[in-house]
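Please read the following briefing beside the sequence and the coordinates.

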Amino acid sequence: MELWPWLTAALLLLLLLVQLSRAARFYAKISLYCALCLCVSAVAAVVCLLRHGGRTVENMSIISWFVRSFKYLYGLRFDVKGRQRLWADRPCVIVSNHQSILDMMGLMEILPPRCVQIAKRELLFTGSVGLIMYLGGVFFINRQRSSTAMSVMADVGELMTRENVPIVPVVYSSFSSFYNPRTKLFTSGTIKVEVLDAIPTSGLTAGDIPELMDTCHRAMRSAFLRLSKPHQENGAAPEPAAQPAQ
């Protein structure tokens, strides 16, 4: 029995569902996004190995170039404000708000050179995606073992207080006007990105870190609500969950 007619019919049915069903379009775009991440990561890994020969933060510029190309396929635009605050000639800790699997595209839009990222350890075992993150110098935290995660974060906190490294908050506006898993919405749209003024840590000690984090959260929440207000369709904007990027 010929297989091609059945495959053709299945493909046509899938295309019809995508055209008629909002949920089908949503899942098709999510599936394509995941497939792109796997395929592009495999290609980028080869380029990184040929260029730098192994694990180094220098590979992140190559990874960033590949990921930034996703926005053209999905019709997304990033309106970035304050980018120059990340290019100052000094080390810093970048903290950004987390919303969905699309965050990666936003992060790559503003990523400065030699930025070391922190990610959950589970991502290391996601095939080519985990491989390219490893090659990019990402530090992986085992969230199931709190002692390991706290050790890494303690190192970050110690660096902040010892070297008086400033915190630079990066805030992305709400995705809800074009991406909403609850309502199966996934269309094109514009994401506003704002790099806030650096929050100094000079003169602070480890005991000041909770208050420092609260200051950072309040600044990010205020910016998030301001950036997201024109895009909200119903109700209040969700809370921005902050996570360290550098």
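Predicted model: local features only at pLDDT ≥ 70, side-chain atom pairs only at ≥ 80, totals over all residues.

Residues are numbered from 1 along each chain as its sequence is written, and side-chain values use heavy atoms, with hydrogens and water left out.

**The chain as a whole**

- The chain has eight helices and nine strands, where helices (H or I, at least four residues) and strands (E, at least two) are DSSP runs, numbered from the N terminus.
- Of the 246 residues in the chain, 41% are buried, a term that stands for under 20% relative accessible area, as against over 50% for exposed and partly exposed in between (1.4 Å probe, protein chains only).
- Among contacts (heavy atoms within 4.5 Å) with a separation of 6 or more, 73% are between residues 24 or more positions apart.
- The accessible surface of the chain comes to about 14,000 Å², and carbon and sulfur atoms hold 61% of this surface; the areas come from the Shrake-Rupley method with a 1.4 Å probe, and for residues only the protein chains shown count as cover.

- The structure holds nine aromatic pairs, for which rings of Phe, Tyr and Trp (its six-membered ring) must have centres within 6.5 Å, with planes under 30 degrees apart counted as stacked, over 60 as edge-to-face and the rest as tilted.
- Tyr-74 and Phe-186 form a stacked pair, because their ring centres are 5.3 Å apart and their planes lie at 10 degrees.
- This pair links distant parts of the chain, since Tyr-74 is in helix α4 (residues 70-74) and Phe-186 in strand β7 (residues 185-186), 112 residues apart; both Tyr-74 and Phe-186 are buried.

**Strand β5 and its partners**

- In strand β5 (residues 167-172), six of the six residues are buried, with Ile-167, Pro-169 and Val-171 on one side and Val-168, Val-170 and Tyr-172 on the other, and both faces are covered.
- Strand β2 (residues 93-98) runs parallel to β5 and is joined to it by four bridges, two strands being paired if DSSP finds at least two bridges between them; Ile-94 has Val-168 of β5 as its bridge partner.
- Strand β8 (residues 189-195) pairs with β5 in the antiparallel sense over three bridges, and Val-171 stands opposite Glu-194 in β8.

- Cys-37 belongs to helix α2 (residues 22-52) and counts as buried because its relative accessible area is 12%.
- Beyond its neighbours within four places in sequence, Cys-37 is in contact with Phe-70, Met-104, Ser-128 and Val-129, and its C-alpha atom is 8.1 Å from that of Val-67, 30 residues apart along the chain.
- Leu-107 belongs to helix α5 (residues 103-110) and is buried, with a relative accessible area of 12%; from C-alpha to C-alpha, Leu-107 and Val-67 are 9.6 Å apart in space and 40 residues apart in sequence.
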